[in-house]
Amino acid sequence: MQAVINTLRLTLKELRAIRRDTVMIVLMIYVFTVAVYLVTNAASTEVKDLSVAVVDEDHSQLSRRLTDAIRGPLFLDPVPLSPEAAAAEQTVGNYVLVLAIPPEFERDLRSGGSATLQILVDATAVAQAGNGASFLQQVLAQEISDYADPGGDSAALVDVVYRTRFNPNFTASWFTAVMQLMNNVTILTLILSGSSMIREREHGTIEHVLVMPIRPVEIVLSKILATGAVILLGSVLSLTIVVEGIMGVPVQGALWLYVLGAALYVVAVASMGLMMASFTSNMGQFGLLVIPVIIVMFMLSGGITPLESMPAWLRVGMQFVSPSPHFVAFSQTVLYRGGGFGLVVGHLAAMAVMAVLALSIVLARFRRVLAN
Amino acid sequence: MDLVAELDGVSHRYGRTTALDAVTLGIPAGVMAGLIGPDGVGKSTLLALIAGVRRRQDGRIVTLGEDMAQAGARGRVAPRIAYMPQGLGRNLSTTLSVRENLDFFGRLFGQPSEERAARIAMLLEATGLAPFPDRPAGKLSGGMKQKLSLCSALIHDPDLLILDEPTTGVDPLSRRQFWDLIDRIRGHMPGMSVIVATAYMEEAERFDWLAAMDAGRVIAQGAPAELRAQGGGNTLEEAFIRLLPQSDDHSPVVLPPREDRDGATPAIEAQGLTKRFGDFTAVDNVSFTIPEGEIFGFLGSNGCGKSTTMKMLTGLLDPSEGETRLFGEELKASDMQSRLRIGYMSQSFSLYTELTVRQNLTLHAELYAIPPETRAARVDEVLDAYGLRDEADMLPDGLPLGQKQRLQLAVAVIHKPRILILDEPTSGVDPLARDDFWRRLIRLSREEGVTIFITTHFMNEAERCDRISLMHAGKVLEMGAPAEIVARRGAETLEGAFIDALEDEMGRDEAGAEPPVYNAAPRRRSAARQALTRLWAYSWRETLELMRDPIRLFFALAGPVILLLTMGYGISFDVDELSFAVNDQDRSPESRALIDEFAAIRQFAEGPPFASFDEMNDRMGQGELAVALEIPDGYGRSLHLGEVPEVSIWIDGAMPFRAETARGYAMGLLQSYAARQAAETGTSGATPVDIETRFLFNQAFRSANAMVPSLIMLILMLIPAIMSAVSVVREKETGTIANFRSTPVRRTEFLIGKQIPYVVIAWGSFWVLAALGRWLFDVPFSGSLTALSGIAVLYVIATTGFGQLISSFTRTQVSAVFATAVISIIPTVNFSGLIIPVSSMSDTGRMVGLAFPGGWFQPVTVGTFVKGFGWSEVALNATVLAGFCLIYLAVAALALRKQEA
């Protein structure tokens, strides 16, 4: 009982420390508001506003019709260019797609000859080029068949009804917002928890605490609780006020369940931050260790590219060492699919196990590290 | 009389606190001038202003005839001043050896190597450091550190030597050697002026001229004899205390005799305590028995094992051998009960600066389990007893050192411990506050029977102990009552007895008698050569420090490789093996044919079929299923009848990119299926247009070809930035920034010098990453390697410059790392073209991306790797990146002040 009370008292003290750190608070407010907003609005892997140029050497009614068919929201308004200009502009990355309509295209088509349209894709834009090209292809095919057989029944053999579960318009902003939140939580939690330990060690205050009738576990837990509480609060406020309120991204699913999962994630990440701090002895080392960890945890969480695309060793490895793939899977299920507790219990358990493991390592190393 | 420094109406404020209040003072030249006074009266501020390391706020300061308000004058006078800041070896780099530290200072003054070598040899000889040129400064004892600091101050024959409390925390022998050394040097450099601030009044007796300060004002000045006469006392200390306006209690501290209780269990019993760290024995077989209520003084130089012994007594450290008994019970590290009996006060201030005085006391009362009903009363009692009532709601940072120490003592006794362990509680505290502190200790011992174990460097404090012990190099040399030890050593004073004991152990004065004066005419060097030498001083030091921190070096080199390997394999937009399942209600050959279409391509991996919507929904809900196909009953039949049957495809939209790709695949597949069916059945309708898609620059449409070059951009942004982010701010935290402020080094020399090692490492990483990309990830390289590697240099200069920029603005390493991570990761990952092409970003996104170097370097890496770019295509990027380098350097230089505020 005394242990619980002590932990809470130390937590309160940690919270006071965070409150007095202006730089930290400013950066936290920034990531939970501006950064989330900016990234959600401006960056996503969905095909949207793709830049297209058209090299129209036909100048026919059909070629104009095709050009007009390239529209938002998938594409930006196409820019007419000469072949040379198009090649140059595409090389420097100004256009992802270039549609080339050859001379005499309409006449060839009318005369029943074969005509070829060419789509040039900047394949270095891998995230959007492939899908963009196939969408453009469909748009053009549709337009041409309308032209060839105006008002006619489209010659589809099978009528395919596409239905999307959970996110009908493939709106990536839902996803990007939640992933960006996770990214922020990862950055903030790892650095805050780890540095709170290194700072105490560098300033010698931890020694003072250790002669008091307090167990290391109380110190460690209080740091996790304080860091976790602040960041959890920040991310929930960000989700409800910034993401849902200001950006109007609807958030489905049970908020309490999301908060529970986020809390577990924060605890797991904070424990890992402390663990990394126990393996390093100054901020220089810690900074260099924490950056790759943050990047890998975020980029390979399944939030940016699907886990299925990773080689098996890496996928399994990530699921074993990092709580982030579990949190991504958990968030998708809860926030998009409206899934209940039963569907995510496995991910929650995995994050809890990681937190416990990291904490045990911290506690095992605690005295030894501080002695030096 | 010539004056070395003149102050006229100099005032200085920190926020609302006034440190100096219209001080007008002339400090005589060519003598030893001392500043004495309690703590926090402005001595350090005054010295820093004279040295020009602090920015003048008000009044006129003339040092060595130059007006310190002007930057030009400060530049001229800097090479003639040596400034040794407060704090033991604070301006030394702990990982550098003795010689390397001195080399560094020599370079800061632009000295050529032969002059430096000669001077260093001479100084080491003169200070007795000659036997240890290769020992890291961090492993020197306190006295040796102080000598090394002095050497570094004397390396350029200064005309004015400014020493801020140079002997605080140093043992008596080292202290005496230190002053002898100063005397000897002055004997050979008669023109040199010395200004010293000190808390040791007995040291001040030997100075030529003194200024006594109180509350930001000079209250008396003149020769020591004059001051004694003014104050009316036998010693300077007495005179000084009487000169203070507010002093009323200046009765001497008396120690009433202790009642000996025979047969009582001793409070502390240490038996053969030994502590080894690796093969270094910090404490070697130390034993003592301390009866209850005794004040036991523990003396010895810094680094002799005192603090380690104390840590073993408090249970912070487990001894390698031996044991400690407190009141007869063995002390174990995890024993909570024994901790309740101990009050501990560590050497540095270790309370929470974010809590007020009262909050600190209350927190400790709570943690020491004082029952809630008596807690408030106890806190009030302690506030009154330790005179902290008026400061109860202030933060500790705003208190003078003496009051902070009182607060620490109050915290240590809040739970009424039976044993107090105090590690140098009075270091740096002025005489008055020290006396006050000791009266409290004596009261605790004599009235409440508290056993006190205390370390100190003050001999008059040692004399107030019941018994003392002297420790050196892990061993106890002497133990007994002070008078007993003096008698045994046949000395006149306790100080003499200790010096005798230490000299027995270490050998007599090991310092050579040779004067450390460099007689050769210094070779003249051009200003540019000197500037380069100064710049090199920082590069060389930063490199050595990095080399001596193998963990940091390892992370710096391995981090980029690990990142490229994991992300190069991990980030792939090649969507393969999408899990897909079918609910075939038709079970006709036609439906089977359609399913086969899906199963045939590698992008879809067929799982077990599902039977109902609910099952599909569930599986998709758990993320097991990405695409589901439902073929209704009668599909084959209606197909034959020429009707258009309907099939449903369900796609999991929770991961939009995957969903889009899956839909794209499904559409393409159905299109070709329809076309084939049409051809077979002869139905018309297929358009004759062939839409051909050509993938440029990356024909195979491999993720790696685009991602690996982009990842090189990302990695070379983050790792170099975080490496350099701590470089400047670390100096601010450890105090070595004082060297930058007090020597002629310029801001750009300092910044570029520190940046060079990181640029070299980052550029090395670039080659490793490029090679991995080319041969491990098999990305074709088609452009100009000289263009790529040349621009990579600019890029890593920009990214390390970014780290330094943050470092110049922040005050702690934690906030530097934090700010660098937050500010660099978010835009570089999202807006520099790594994943989303810059051309399809919103205007804000594009602008954010282009505001960082990454957005300009990404087209260069991708272009030179797969688009065959040469210099002409990337000239603009190179120019902009060079601009980033300059802007970051300029802003960092502006943020970095040569003078402290």
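Predicted model: local features only at pLDDT ≥ 70, side-chain atom pairs only at ≥ 80, totals over all residues.
Figure 1. Of the 901 residues of chain B, 53% count as buried. The C-alpha trace of this chain extends over about 125 × 75 × 50 Å along its principal axes. Its radius of gyration is 37 Å, whereas a compact globule of 901 residues would have one near 29 Å.

**Figure 2. Secondary structure and contacts of chain B.** Chain B contains 32 helices and 25 strands. Among the contacts in chain B with a separation of 6 or more, 75% join residues 24 or more positions apart.

**Figure 3. An open antiparallel sheet in chain B.** The sheet comprises 4 strands of chain B, arranged in the order β12-β11-β14-β15. Its edges are formed by β12 (280-290) and β15 (329-330) of chain B, each of which pairs on one side only. Strands of a sheet pair through backbone hydrogen bonds, in either a parallel or an antiparallel manner.

**Figure 4. Pairing of β11 and β12 in chain B.** Strand β11 of chain B covers residues 268-277 and is joined to β12(B) by 7 bridges in the antiparallel sense. Within this view, Phe277(B) stands opposite Phe280(B), a residue of β12(B).

**Figure 5. Helix α10 of chain B packed on the sheet.**

Terms used: Residues numbered from 1 in each chain as written. Chains lettered and ligands numbered in written order. Pairing = 2+ DSSP bridges. Helix = DSSP H or I, 4+ residues; strand = E, 2+ residues; numbered from the N terminus. Contact = placed C-beta atoms within 7 Å. Axes fitted to C-alpha atoms, helices over the stretch in contact; angles between N-to-C directions. Rg over C-alpha atoms; globule rule 2.2 N^0.38 Å. Buried ≥ 20, exposed ≤ 12 C-beta atoms within 10 Å, placed from the backbone.
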